[in-house]
Amino acid sequence: MRYVSTRDKNIGASAQEAIARGLAPGGGLYAPEALPCNRNFWKSLIGKSYAERTAAVMGQFLDGFGPGDLETFARRAYESGRFDAEGAAPLRTLPNGLHVLELWHGPTAAFKDMALQILPHLLTASLKVCGEQREALILTATSGDTGKAALEGFRDVPGTRVLVFFPRHGVSLIQELQMTTQEGANVGVVAVRGNFDDAQTGVKKLFGDPALSERIDKRGLFFSSANSINLGRLIPQVAYYFSAYADMVGQEAIAAGQPIHICVPTGNFGNILSALYAWDMGLPVSRLLCASNRNNVLTDFVREGVYDRRRTFYSTMSPSMDILVSSNLERALFLLSGGSDVLTRDCMESLREIGRYTLPKTLWQVFRQRFYADWCGEGETRRTIASLWKEIRYLSDPHTAVAFHAAGAYREETGDKTPILVVSTASPYKFCDAVLTALGETPAGDGEAPLEQLHALTGWPVPESLRGLSKKPVRFDRTVTPEGMEQAVWEMVGA
Ligand SMILES: *Cc1c(COP(=O)(O)O)cnc(C)c1O
């Protein structure tokens with residue numbers, strides 16, 4: 001399959017080139033030139049392991065690797081004991097036609113592991129195919145979960161270094177500890193004064209600075225990305241939607257071919273975009289429910305056809321969704337406009353220059369048909385966590401609770417009883433304080449105590465990787481201004 005830039009279809013790349021480069025030249029994102037569609041593809045996945053399913057789905061997108069390579073990568077990622085659930089992405093069936101896809105059984109307890117455990121294999125193999133001799137310096141801005149998952153995925157991977165920037169006051173205590181105590185000889189972690197968008201804008205500037213690229217090239221390195229703008233993040237994510245559907249049919253929760261809705265707690269639009277790709281590849285989906293927290297730019301976008309980032313930024317208890325510029329929406333624009341690079345480029349230029357863009361009416365109709373969008377504030381998020389626990393004994397993290405809330409709002413508004421697959425993106429233990437507070441408890445101080453407190457209250461198992469964090473030595477304690485990010489790169493390069 002060929003990939004083209006969303007802003008200029010004349011810029012093409014192989015899968016390996018797209019994965020190695022991250023961003024397309026000129027600032028666009030690489031997107032499939034055309035998606036293969038097969039309404040029966042999901043059937044071939046029933047009875048297969050998660051690794052086999054992933055290899056099969058990735059095989060629809062990625063040619064140019066050696067025979068059997070994709071399956072080898074998938075086995076290394078999902079079957080080497082780093083996931084604490086059989087099947088890596090288990091499905092739970094709840095009452096009332098609700099199903100939960102739990103994507104947080106990996107080493108960092110959030111859904112980013114699903115892609116970032118396999119991305120290092122895809123990236124290093126891609127570099128080899130491209131004949132790249134230089135070392136990849138992976139720059140990542142994180143709202144909390146990507147950073148840790150990237151560090152964990154790439155630690156001590158030969159031929160790579162990882163530098164993570166996180167917003168100083170924008171992540172949970174556990175998220176911060178997970179990153180600042182990271183082990184590995186090829187990793188760096190730096191806090192940035194500002195919010196996630198400041199950190200992300202800073203990283204985009206570093207990527208876009210030709211003089212800087214030239215200088216690091218002289219030292220035998222080049223910039224690469226582990227953010228969800230990288231295709232190598234999106235493609236493994238398509239796999240779990242197919243896998244979940246195969247499980248739903250396999251467990252006789254739905255009839256074969258019966259359409260479902262998928263409800264995704266959304267930030268940078270990467271997860272829900274993967275669901276859109278799965279849908280266009282023939283998965284029986286009838287609606288995507290896009291759930292936001294108080295940073296509800298996407299809700300307004302779907303409802304009004306106007307994307308407007310000129311608004312107040314809120315720090316919430318679901319920090320991985322505290323985003324005003326959802327990068328992967330660009331790929332959805334490209335796909336749903338029928339591959340119009342002109343339209344996509346115009347929208348993105350307008351967003352950069354005046355902070356907003358308006359969809360043409362026909363395209364807005366397409367978005368409204370395929371997406372429903374809703375948001376909820378902090379109080380509703382807490383109430384949802386509490387009622388899920390009280391009524392059905394399901395323990396939800398704040399991000400997932402935002403999705404449950406949107407699923408409920410959709411049902412109430414439409415009366416539609418179609419089964420809904422709710423995507424659960426983080427372990428409740430990763431946001432322990434918020435969950436305890438929602439359940440009416442007072443978190444018992446710092447360190448491990450809240451984890452044990454939540455465990456005592458609910459009996460839910462604590463992810464092994466979160467235990468013992470507060471006893472690990474802090475290796476990284478630097479804070480820089482956005483202007484200081486370049487200096488941090490130099491230190492990573494060793495200059
Ligand atoms: C990253 C993340 C999200 C948002 O996913 P996007 O792909 O950026 O839309 C939601 N929840 C959690 C827990 C996350 O880590």
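Predicted model: local features only at pLDDT ≥ 70, side-chain atom pairs only at ≥ 80, totals over all residues.
Strands of a sheet pair through backbone hydrogen bonds, and they can do so in parallel or antiparallel fashion. Here, 5 strands line up in the order β9-β6-β7-β8-β16, with parallel pairing, and the sheet is open. The edges belong to β9 (221-225) and β16 (479-480); each has a single partner strand, so one side of each is left without a neighbour in the sheet. The link between β9 and β6 (residues 135-141) is made of 5 bridges, with the two strands running parallel. Along this pair, A136 sits opposite F222 of β9. Helix α8 (residues 196-207) packs on the sheet and touches β6, β7 (160-167), β8 (187-192) and β9. The direction of α8 makes about 150 degrees with that of β6.

Next comes helix α11 (residues 270-280). Because 10 of its 11 residues are buried, α11 is largely enclosed by the rest of the structure. Among those buried residues are N271, L273, Y277 and W279. Just after α11, the chain reaches G282, which takes a positive phi of about 110 degrees.

Then there's the ligand. It has 15 residues around it, and K112, D145, G267, N268 and T425 come nearest. On its own, the ligand has 380 Å² of accessible area, and the protein covers 98% of that.

Terms used
Residues numbered from 1 in each chain as written. Heavy atoms only, no water. Pairing = 2+ DSSP bridges. Helix = DSSP H or I, 4+ residues; strand = E, 2+ residues; numbered from the N terminus. Contact = heavy atoms within 4.5 Å. Axes fitted to C-alpha atoms, helices over the stretch in contact; angles between N-to-C directions. Buried < 20%, exposed > 50% of the residue type's maximum accessible area, 1.4 Å probe, protein only. Near = heavy atom within 4 Å. Areas by Shrake-Rupley, 256 points an atom, 1.4 Å probe, with all protein chains shown as cover.
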